[in-house]
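Subject: Structure handover

Hello,

Here is the structure I said I would pass on. Please open it and keep it in view while you read the notes below.

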Amino acid sequence: SACGGGGDQPEKINGVGPADIPLKFVNARVMGDKKSMAELIAVDISYLSWDLSQPPKHPEYKVTNYELTQWKFDDDTYYYLMQFINPARENILDREDFKIIKTKEGWKRESYDDTKNFDAIVSKLAKSKKVLKELNEK
């Protein structure tokens, strides 16, 4: 990127970087906000037959306590593991993995499904591993 200095930082597109997508996605999921989830997915998900006109089912749910770990594959591809206290599931510790890619519309989750071979991939990217946020017990 042209920003000099922190060349290690992922590029932001419209103020959003790849590390912002997991929290946005998980919050949309716990709220039952299908429209926001769909907007964060790179591939065509019409096969899921979601009704995107429905308002969020649980707008009151918000994930605030989470841990986010990042692995860099290349400038256009990052992997994330998010562990979070899930208000939609009686505050159990939940986890979701992500492959985030750069698209013409900005950073998005590659697909709706779990990332294939996530653990094997990130183990090979161990040098780039960064814990961006720790789970803080309150």
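The chain exposes about 8400 Å², and carbon and sulfur atoms supply 50% of that area. Bear in mind that this is a predicted model. Of the 138 residues, 38% are buried.

On overall size, the C-alpha trace spans about 40 × 35 × 30 Å along its principal axes. A compact globule with 138 residues would have a radius of gyration near 14 Å, and the chain has 15 Å, so the two agree. Among contacts between residues at least 6 apart in sequence, 57% join residues at least 24 apart.

The chain holds 3 helices and 5 strands. Read along the sequence, their pattern is α-α-β-β-β-β-α-β.

How are the strands arranged? They form an open sheet of 5 strands in the order β4-β3-β2-β1-β5, with antiparallel pairing. β4 and β5 (130-133) are at the edges, and each has a single partner strand, so one side of each has no neighbour in the sheet. From one strand to the next, the twist averages 30 degrees.

Two of the pairings can be followed residue by residue. β1 and β2 pair in the antiparallel sense over 8 bridges, and threonine 69 stands opposite leucine 81 in β2. Helix α1 packs on the sheet, where it touches β1, β2, β3 and β4; the direction of α1 makes about 125 degrees with that of β3. The other pairing is between β3 (residues 92-103) and β4 (residues 106-109), which are antiparallel over 4 bridges. A hairpin of 2 residues joins β3 to β4, and threonine 103 stands opposite glycine 106 in β4.

Which residues does valine 26 contact, leaving aside its neighbours within four places in sequence? They are Val63, Met82, Phe84, Glu96 and Phe98.

Regards

Technical notes: Residues are numbered from 1 along each chain as its sequence is written. This is a predicted model: local features need pLDDT of at least 70, side-chain atom pairs count only at pLDDT 80 or more; totals for chains, interfaces and linings use all residues. Side-chain values use heavy atoms; hydrogens and water are left out. Two strands pair if DSSP finds at least two bridges between them. Contact means heavy atoms within 4.5 Å. Axes are lines fitted to C-alpha atoms, for helices over the stretch in contact, and angles run from 0 to 180 degrees between N-to-C directions. The radius of gyration is taken over C-alpha atoms; the globule rule is 2.2 Å times the number of residues to the power 0.38. Buried means under 20% relative accessible area, exposed over 50%, partly exposed in between (1.4 Å probe, protein chains only). Accessible areas come from the Shrake-Rupley method with a 1.4 Å probe; for residues, only the protein chains shown count as cover.
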